[in-house]
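Here is a short report for a reader who is new to this structure. Look through the sequence and the model, then read on.

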Amino acid sequence: MSILKDIHEILREYWGYTSFRPLQEEIIESITGGNDTLALLPTGGGKSICFQIPALAMDGICIVITPLIALMKDQVGQLKKRGVNAVAIYSGLSKREIDIALDNCVFGHNKFLYLSPERLLTDIFTERVRKMNVNIIAVDEAHCISQWGYDFRPSYLQVAALRILLPQVPFIALTASATEKVKKDIIEKLTLRNVKIFQKSYERKNLSYSAIYAEDKEKKMLEILKNVKGSSIVYTRSRKRTSDISGILKKNRINADFYHAGLSNEEREVKQNKWISGELRVIVATNAFGMGIDKPDVRSVIHYELPENPESYYQEAGRGGRDERKAYAVLLYQENDIRILKDKISRAYPSIDFIRRVYQALANFFKIAVGSNSLQSFDFDSSEFEKIYELPRTETYYALKRLEAEGFLQLNESFYSPSAMMMNLSGEDLYKFQIAQASLDPFIKTILRMYGGGLYNNFVTINENDISRQMQIPTTEVIRMFHHLDKLNVLNYLQRKDKPQITFLTPRHDAAKLPLDLKKIEGRKNNDVEKSEAVIAYVRQKERCRSMVLLEYFGEITDHVCGICDVCLAKKKEKEVVDSYQLYRQSIIGYLEKEGMSIEALIQKIDIKNKNRVLLAIREMLDNEEIQYSQAGSLVLKS
């Protein structure tokens with residue numbers, strides 16, 4: 001691929017930066033040199049720039065594989081704000097939307113195509129991708145391809161098929177956290193050739209890690225937020241608890257709000273933007289929050305419960321201190337949290353019979369015949385589903401997650417798609433229609449005036465409320481007219497969605513013969529247990545530097561202690577006490593060699609500011625029988 005533009009010029013023009021972060025430039029040069037590349041950069045290390053800039057520097061389109069719809073939408077939105085054409089294809093889009101998006105990629109209209117991995121082997125994609133001028137294939141969250149990773153996605157195994165379709169195109173695999181085992185798996189599963197590996201140290205020198213046993217977590221959390229000023233995230237695993245903790249903070253005059261995947265898209269966006277802008281000081285959230293959000297000035301990240309694995313903890317804690325200033329990552333726990341974590345791993349793997357039962361119930365719920373409905377998405381009301389088929393909520397949720405992990409379906413807990421439309425008629429045909437249907441003419445003219453000529457060649461996001469205000473008619477009437485014009489084939493109208501969705505990734509199986517790989521399921525369960533045990537060992541140990549323990553988990557061996565975690569600070573304090581004891585001991589001996597003295601007199605002479613430490617030294621010397629009380633009550637050296 002020929003280089004069309006200087007990478008430093010692109011960085012300045014689109015991002016406004018004058019220099020790259022560590023390793024970014026080397027990674028970019030590897031890609032522009034045509035090399036397969038593996039980039040391991042910690043949270044906040046600027047991974048997306050590593051493929052976005054080389055893609056902009058070269059002719060052609062970059063295909064980006066990522067499993068997270070929210071992250072996909074965020075990056076496409078950010079690129080569009082910078083004036084770069086980008087599009088995303090994921091579960092829930094109509095066939096028409098996908099057709100148009102892929103056609104625009106073939107004809108060179110788009111510079112980036114974001115894709116969820118289950119779309120890779122569809123006929124509609126493989127037919128089009130051969131016609132595209134692809135410059136880079138970027139695999140984000142690459143740890144998802146490894147069954148030893150913390151978030152294995154079977155659909156990621158399809159990514160290697162792009163190597164066959166596009167044998168000359170360089171791959172870049174990116175992740176924030178991967179063990180040595182996972183790194184090897186990424187290289188093998190993606191069939192990376194002569195791969196160049198770039199790994200930034202996992203060490204975060206400005207981030208102080210602590211694991212605090214707290215009988216009263218609420219009190220400890222308030223104490224931390226009182227002592228550490230500035231923006232904060234409090235992570236909890238329960239949606240209900242996000243609201244409860246947020247309420248506690250508000251009662252204590254801390255400006256806070258809560259966030260989880262069950263909120264509407266508008267609610268999530270408003271809360272997120274208030275927190276990013278600083279209007280909200282604290283956001284209390286499930287792990288649905290934070291991915292792709294680059295807020296540099298987070299001063300504390302508090303985990304109210306134990307995370308399931310070290311990878312999740314490292315990524316979530318790493319959202320603190322991205323501005324390189326001091327920040328605190330505090331994990332609060334009780335013995336009960338350890339029991340809950342162990343129980344959670346056990347419950348996350350329901351019986352095979354129950355998994356089959358849930359799969360059959362889904363087929364009945366959506367009326368899907370055996371062999372049909374691959375890659376079809378359905379709005380999913382889990383409460384209604386559980387009620388109809390008399391299924392226990394928690395066990396059903398984990399059965400769905402197992403079916404997802406085995407690659408049979410995809411569960412989007414917070415799918416949101418705004419309304420969009422595209423004109424089918426144009427030119428003379430549209431003019432004739434407007435004359436024939438005079439009552440609809442003002443509506444069509446308003447749409448064209450508000451959303452422009454782009455409506456003729458692509459789906460454009462629209463807002464029915466804006467149209468309602470412009471025409472001074474009810475929003476319900478706007479929606480009715482859109483549906484009417486859609487039926488008349490004047491335009492394509494896709495009404496907004498804001499519901500959880502389920503997508504069937506394979507043709508429907510007979511539930512009794514559902515091809516579950518029992519050996520792999522057991523292997524994943526054991527893997528999850530090992531990871532949870534690593535978390536438990538991390539919080540319980542009080543002897544080794546927290547940063548050192550985390551680095552070691554990721555295969556980075558060092559003898560360098562951070563000096564700022566709770567363990568290092570405790571040892572530093574302990575050493576100060578020992579050193580001060582030796583110093584005070586010498587002073588006590590020196591004074592008592594001359595004459596007997598009272599405790600108060602010794603403290604006055606030695607160190608009144610550190611009275612307690614002097615007292616400790618005196619008591620230690622009394623216990624060791626180095627000094628004693630005289631008959632007059634003074635301290636004297638023991639003869």
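## Classes and model

Ala, Val, Leu, Ile, Met, Phe, Trp, Tyr, Cys and Pro count as nonpolar. Asp, Glu, Lys and Arg count as charged, and the others, Gly among them, as polar. The model is predicted.

## The largest cavity

With those classes, the lining of the largest cavity holds 6 nonpolar, 3 polar and 3 charged residues. Its space comes to about 100 Å³. In total, 3 cavities of 30 Å³ or more are counted.

Which residues line the largest cavity? Among them are Pro67, Pro117, Glu118, Arg153, Pro154, Ser155 and Tyr156. The lining also includes Glu404, Gly407, Leu409, Gln410 and Leu505.

## The chain as a whole

The chain has 639 residues, and buried residues make up 51% of them. Its secondary structure comes to 25 helices and 21 strands. Along the principal axes, the C-alpha atoms fill a box of roughly 120 × 60 × 55 Å.

Take the contacts between residues at least 6 apart in sequence. Of these, 76% join residues at least 24 apart.

## Ala399 in helix H16

Helix H16 covers residues 393-405, and Ala399 is found in it. Is Ala399 buried or exposed? Ala399 counts as buried because its relative accessibility is 0%, and the cut-off for buried is under 20%.

What does Ala399 touch, leaving aside residues up to four places away in sequence? The contacts are Pro350, Phe354, Ile355 and Val358. Asn273 is 126 residues from Ala399 along the chain, and their C-alpha atoms are separated by 34 Å.

## Aromatic pairs around Tyr359

A search of the whole structure finds 23 aromatic pairs. One of them joins Tyr359 and Phe408. The ring centres are 6.2 Å apart, with 65 degrees between the planes, and the pair is edge-to-face. Tyr359 is in helix H14, residues 352-365. Phe408 is in the loop between H16 and strand S15 (409-412). The two residues are 49 residues apart, and their pair links distant parts of the chain. Tyr359 has 0% relative accessibility, so it counts as buried. Phe408, at 5% relative accessibility, counts as buried too.

Tyr359 also pairs with Phe504. Here the centres lie 6.5 Å apart and the planes meet at 65 degrees, so this pair is edge-to-face. Phe504 belongs to strand S19 (residues 501-504) and Tyr359 to helix H14, so the pair ties together parts 145 residues apart in sequence. Phe504 counts as buried because its relative accessibility is 1%.

## The aromatic cluster

Which residues form one aromatic cluster with Tyr359? Phe408 and Phe504 are in it.

## Charges over rings

Two lysines have a charged end over an aromatic ring. The charged end of Lys271 is over the ring of Phe258, at 3.9 Å from the ring centre. For Lys295, the ring is that of Trp275, and the charged end lies 5.3 Å from its centre.

Key
Residues are numbered from 1 along each chain as its sequence is written. This is a predicted model: local features need pLDDT of at least 70, side-chain atom pairs count only at pLDDT 80 or more; totals for chains, interfaces and linings use all residues. Side-chain values use heavy atoms; hydrogens and water are left out. On a 1 Å grid over the protein atoms alone, a cavity is a set of points where a 1.4 Å probe fits but cannot get out, and a pocket is an open set with protein on both sides within 12 Å along at least five of seven lines; lining residues have an atom within 4 Å of a point. Grid points are joined across faces, edges and corners, and a volume is the space filled by probe spheres set on the points. Helices (H or I, at least four residues) and strands (E, at least two) are DSSP runs, numbered from the N terminus. Buried means under 20% relative accessible area, exposed over 50%, partly exposed in between (1.4 Å probe, protein chains only). Contact means heavy atoms within 4.5 Å. Rings of Phe, Tyr and Trp (its six-membered ring) pair if their centres lie within 6.5 Å; planes under 30 degrees apart count as stacked, over 60 as edge-to-face and the rest as tilted. A charge sits over a ring if NZ of Lys or CZ of Arg is within 6 Å of the ring centre and within 35 degrees of the ring normal.
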